[in-house]
Amino acid sequence: MTTKNSSVTEFILAGLTDQLGLQIPLFFLFFCFYVATVVGNLGLITLTGLNSHLHTPMYFFLFNLSLIDFCYSTTITPKMLMSFVSKKNIIMYGGCMTQLFFFCFFVVSESFILSAMAYDRYVAICKPLVYMVTMSPQVCLLLLLGVYVMGFSGAMAHTGNIISLTFCADNLVNHFMCDILPLLELSCNSTYVNELVVFIFVAIAIGMPIVTIFISYTLILSSIFHIRSSEGRSKAFSTCSSHIIVVSLFFGSGAFMYLKPPSILPLDQGKVSSLFYTIVVPMLNPLIYSLRNKDVKIALRKTLRRQTFS
């Protein structure tokens with residue numbers, strides 16, 4: 001999978017830090033994060049599958065969000081953990097491009113599934129009488145297909161953009177994963193066009209979902225303020241609060257990393273930002289949705305009760 005005009009066959013991932021005293025503590029910290037991510041997301045997937053009252057459009061999208069978060073974290077974290085316990089964390093050129101592809105696929109898919117979830121909340125609050133008709137299984141499947149098509153398109157565009165580069169001698173990637181900006185820094189030819197392509201596609205992958213979410217929540221807030229009872233308004237706000245928190249965490253850290261020139265945001269600081277949306281956000285998502293959601297708590301109690309009696 002090496003390109004004809006590139007002499008690099010492998011890359012060395014620099015990792016999060018080169019301070020030896022921090023390597024082992026950071027290994028255990030992020031290992032715990034990864035375990036929490038796997039348990040939380042697989043737990044939410046299992047709960048959604050086992051409880052029929054969670055077989056609704058909202059939980060259909062939440063099921064897929066948890067699946068994306070699990071795969072997303074698994075694409076990055078195990079390789080990152082190796083950088084804490086090995087002298088040289090080597091990744092082959094083909095493996096690096098594969099990691100980059102799946103990273104882009106899952107991160108773009110997550111941004112669009114969050115916008116699909118915002119649309120679902122808009123229909124549920126603003127058009128409750130036609131909710132089940134508007135969000136029919138066919139519509140949900142079409143929305144999900146669109147999510148994964150956009151994810152695949154974004155991954156192909158970014159990976160193709162990086163494969164077109166020439167890597168001559170330097171193969172030390174100043175990151176804990178094969179990310180776009182650190183790989184652009186290693187190219188020995190001009191990357192102006194490549195950086196422009198990255199900016200355009202990232203703007204689309206972040207801009208389109210953000211616009212959809214903004215419009216959805218503008219209409220939702222307008223509808224909520226027309227609800228006369230304070231109990232009704234409180235219920236509507238609680239329905240959306242978990243999603244708003246997840247959206248803010250994910251898009252805030254992602255935009256901070258990619259929608260600024262590298263001169264403004266050095267890569268060492270960019271590693272901290274990307275650490276947040278690649279490691280921390282997938283771990284927090286199931287916690288946010290489970291701790292702030294009565295349906296998930298009820299489903300968990302029912303499942304534990306069934307296991308106890310069996």
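Reader: Which helix do Phe102 and Phe106 lie in, and how many residues apart are they?
Author: In this predicted model, Phe102 and Phe106 both belong to helix α3, four residues apart, which is about one turn of the helix.

Reader: And why is that pair stacked?
Author: The ring centres of Phe102 and Phe106 lie 6.2 Å apart with their planes at 25°, and planes under 30 degrees apart count as stacked, so the pair falls in that class.

Reader: Is each of them buried or partly exposed?
Author: Phe102 is partly exposed, at a relative accessible area of 36%, whereas Phe106 counts as buried, at 10% relative accessibility.

Reader: Which aromatic cluster are they in?
Author: Phe102 and Phe106 form one aromatic cluster together with Phe101, Phe105, Tyr148 and Phe152.

Reader: How many aromatic pairs does a search of the whole structure find?
Author: The search finds 15 aromatic pairs, and one of them, formed by Phe30 and Phe33, is edge-to-face, with 5.6 Å from centre to centre and 90° between the planes. Phe30 and Phe33 both lie in helix α1 (residues 20-50), three residues apart, and Phe30 counts as buried, at 3% relative accessibility.

Reader: Switching to the largest nonpolar core, which residues touch the most other members?
Author: Of the 81 residues in that core, these are Phe11, Phe30, Phe103, Leu114, Ile162 and Leu183, and helix α3 (residues 93-126) supplies the largest share of the core, 20 residues.

Reader: What is Leu114 in contact with, leaving aside its neighbours within four places in sequence?
Author: With those neighbours set aside, Leu114 is in contact with Leu65, Ile213, His243, Val246, Val247, Phe250 and Phe251.

Key:
Residues are numbered from 1 along each chain as its sequence is written. This is a predicted model: local features need pLDDT of at least 70, side-chain atom pairs count only at pLDDT 80 or more; totals for chains, interfaces and linings use all residues. Side-chain values use heavy atoms; hydrogens and water are left out. A nonpolar core is a set of buried Ala, Val, Leu, Ile, Met, Phe, Trp, Tyr and Cys residues joined through side-chain atoms within 4.5 Å. Buried means under 20% relative accessible area, exposed over 50%, partly exposed in between (1.4 Å probe, protein chains only). Helices (H or I, at least four residues) and strands (E, at least two) are DSSP runs, numbered from the N terminus. Contact means heavy atoms within 4.5 Å. Rings of Phe, Tyr and Trp (its six-membered ring) pair if their centres lie within 6.5 Å; planes under 30 degrees apart count as stacked, over 60 as edge-to-face and the rest as tilted.
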